[in-house]
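Dear colleague,

I am passing on the structure we spoke about, with notes on what was found in it. Please read the notes with the model open.

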Amino acid sequence: MVLKPLNDAFIVAKRDLIELYRTPLRLVMMFIFPVLIIMLFGFMFPSTSSFNGVHIGVVNNDSGFNLNGQTVYLSNSFLSIVKYNSTITFSNYSSFSKAESALRSGVIDSIIYFPSNFTSLSVSGKPTNLKLVTNPTSPTLEEYIDTKVSTASTVLSAEIINGTVSKLNSELVGLPKINPEFVISPVVISAEPIISGNYFDFIGPGLIMLLSMMAGLTALGSALSREKEDGTITAVMLSPIRTGSFLTGKMLSQLIRSLIQSAVVVLLVILLFHMSFNGNILLMAAILILGIFGFLGLGLLVTALTKDQETSQLLLNLVFFPMLFLSGVLYPLQELPGVIADIAKVLPLTYGVQAFRQVVVFNAPLSSVWPSMLILFLFGAVSLVIAVPIFLMKKGSGN
Amino acid sequence: MDEITVDVKNLSKQYGNFKAVDSISFAVKKGEIFGLLGPNGAGKTTLISMLTTLIKPTSGHASVLGKDIIKGALEVRKSIGVITEKVTMYPPLTAEENLMFFGRLYGIEKNELQKRIDEGLEEFQLSQFKNRPVGTFSLGMKRRLDLVRVLLNEPKVFFLDEPTVGLDPITVSFIKKKIRDINERGSTIILTTHIMQDADELSDRVALIDHGHLMACDTPKNLKKKLGKNATLENVFIHYAGEELRDKTEKMSLAPRRGM
């Protein structure tokens, strides 16, 4: 019978799926890990970039300016502009040193210091100043506060220019009037995104690809280690089945398993994080399958070279973590420094993530992602060609 | 002349410098129960692994039912039934699912397979447990189920590697009876055991193996006779293998020696 090897592979795959169905714990674990990863990253990097609970210490020595018998404090208007449309809260400190110790002990995130002449200087038409003390160990937070304070300064300067220019215009006779907006910002930039998306649209496809790599890596490993430890692999090898059929069956069941897993993850990110899948479904599925296939060989190699599941798990972590951080899953490759960027270029996951992201987010056609897909396929094929003979040799010299 | 079922000629298996099996030759006749005896690490399991096509010999030849164990590996597997020391069923699957899986690998047609499974479970008194996961079975039940499994493809030759180890006396006696039944139906059986009494009772002939060599091969009766009137098979065993304890395991002798 010519079809026997293929039929045997199906028998093996079917048995694996029955076993999965019969072990509810494994079934639950199969979903818990990816769901946890997605939720974690989904909530850690929310779709709108905002900070909650930012707390700024204020040392306000501003003595104000007496206008028509009423004292005006420019510092107060400044602070309300900083707070505008945000959840920033302020705490007042009587001295700079007190505020500084609060910043050191982490009670506040930054200090704004107003000198006593803050209002009086600006009212008399001279540049005034304030001191902003930030915490450089938290760069994104530092940048956020810096932007808020600079914006407040710009708004204030726009107000001043507006008034000055109107006054100037009324004095200019027979000359073209100056538009105050021209003085504030001579070039108007209209920036628009190519699609409506957010950071989750960046990491979402990366994470899905990462999870399919994980599935591919651990698939054969855990399945075969279990068979080795239970001794069932011996019973299977004693029956008239070719090793190729056995391995094909194993891969097939893991592929089906991983696709179900991916489908659940995709559903989850659509429902929870409103991620949009713009690409061709077949192309996305093909890249996912290649992502799983690409790592089957590497996983098999690790299984073949290790004695038990625990050791292979350790080795797999060694493969997993560099891939997680270096393959452009969490941040663009452009952010990686020189040597690391070169390493990223030889990691196969980089290409998987790139291709999948292009298709999911930008609806890229096959013609533009096929080179990445080919790399994944070749990596998978070559590693299988290396791993299968080693696995067979190790199996033979076993017990 | 008797028909030869298992023919072994100068079979060797070497791991590095270690000769696990060293040029062993013997022939098992059709319908025989052939006992394979020897201390731990003597090379019995390696020998059986080669005959059952699990590992390839370093040199020499062997055939089972006229089929070469290397060139005709798939053919050999089709006609043999093997019980290894370890019980080899998938714990999460039910007894019936396990049998279905292994039976399908032998290419047995579905209805016929179902019939054989039902008969086998009945014969080994496991019918009422067929829908239970094998993981919940006692060792004795698993052994019986293992026997149902190997009988599915109606093999002509059986390799039984310590089939009664760790079982209670009732199960042991049940399994020994079944081994005789199988033999009476015309099958050849190659049996390894450390229980000399079992070997004596069951075997038509025994082969004694030590350090990878074949030390003796004859009927238990003849072997005992050579040692004297009241000799047991245990005396024969010690006569050939010596009394020195074998602390070295097979695995240890395979491992590279460090610092030596």
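A residue counts as buried if 20 or more other C-beta atoms lie within 10 Å of its own, as exposed if 12 or fewer do, and as partly exposed in between. By that rule B:K176, with 15 C-beta neighbours inside 10 Å, is partly exposed. Please note that this is a predicted model.

B:K176 belongs to helix α6 of chain B, which covers residues 169-184. Setting aside neighbours within four places in sequence, B:K176 is in contact with B:D198 and B:L202.

Two other residues of chain B deserve a look for their backbone angles. Most residues other than glycine have a negative phi. B:L65 is not a glycine, yet its phi is positive, at about 55°. B:L65 sits in the loop between β4 (59-64) and β5 (67-68) of chain B. This residue is buried, because 20 other C-beta atoms lie within 10 Å. B:H211 also has a positive phi, near 50°, and is likewise a residue other than glycine. The loop that holds B:H211 runs between β9 (205-210) and β10 (213-218) of chain B. B:H211 has 16 C-beta neighbours inside 10 Å, so it counts as partly exposed.

On chain B as a whole: the chain has 10 helices and 10 strands. Its radius of gyration is 19 Å, close to the 18 Å that the globule rule gives for 260 residues, so chain B is as compact as a globular protein of that length. The C-alpha trace of chain B spans about 50 × 45 × 40 Å along its principal axes. Of the 260 residues in chain B, 42% are buried. Among contacts in chain B between residues at least 6 apart in sequence, 69% join residues at least 24 apart.

Now the contact between the chains. Chain B gives 26 residues to it and chain A gives 21 residues. On the side of chain B that touches chain A, the elements that give two or more residues are α2 (73-79) and α3 (95-105) of chain B. The largest share of that side, 5 residues, comes from α3(B). By type, the residues on this side of chain B are 15 nonpolar, 5 polar and 6 charged.

Chain A has a domain assignment with two parts: domain 1 (4-46 + 197-396) and domain 2 (55-184). The centres of domain 1 of chain A and domain 2 of chain A, taken over C-alpha atoms, are 53 Å apart.

An unreviewed UniProt entry places "domain: ABC transmembrane type-2" on residues 165-394 of chain A. In the model, that stretch of chain A is 77% helix and 0% strand, and its end C-alpha atoms are 85 Å apart. UniProt, again in an unreviewed entry, lists "transmembrane region" spans in chain A that include residues 255-275 and 369-392. Residues 255-275 of chain A are 90% helix and 0% strand, with end C-alpha atoms 24 Å apart. Residues 369-392 of chain A are 100% helix and 0% strand, and their end C-alpha atoms lie 35 Å apart.

As for confidence, chain A averages a pLDDT of 84, and 97% of its residues score at least 70. Within chain A, the lowest confidence is in helix α7 (residues 180-184), with a mean of 73, and the highest is in strand β5 (residues 110-114), at 94.

Regards

Methods. Residues are numbered from 1 along each chain as its sequence is written. Chains are lettered from A and ligands numbered from 1 in the order in which they are written. This is a predicted model: local features need pLDDT of at least 70, side-chain atom pairs count only at pLDDT 80 or more; totals for chains, interfaces and linings use all residues. Two residues are in contact if their C-beta atoms, placed from the backbone, lie within 7 Å. Helices (H or I, at least four residues) and strands (E, at least two) are DSSP runs, numbered from the N terminus. Ala, Val, Leu, Ile, Met, Phe, Trp, Tyr, Cys and Pro count as nonpolar, Asp, Glu, Lys and Arg as charged, and the others, Gly among them, as polar. The radius of gyration is taken over C-alpha atoms; the globule rule is 2.2 Å times the number of residues to the power 0.38. UniProt positions are given in the numbering used here, feature names are shortened, and annotations may be inferred rather than shown by experiment. Domain bounds come from an automatic or database domain assignment. pLDDT is the predictor's confidence in each residue, from 0 to 100.
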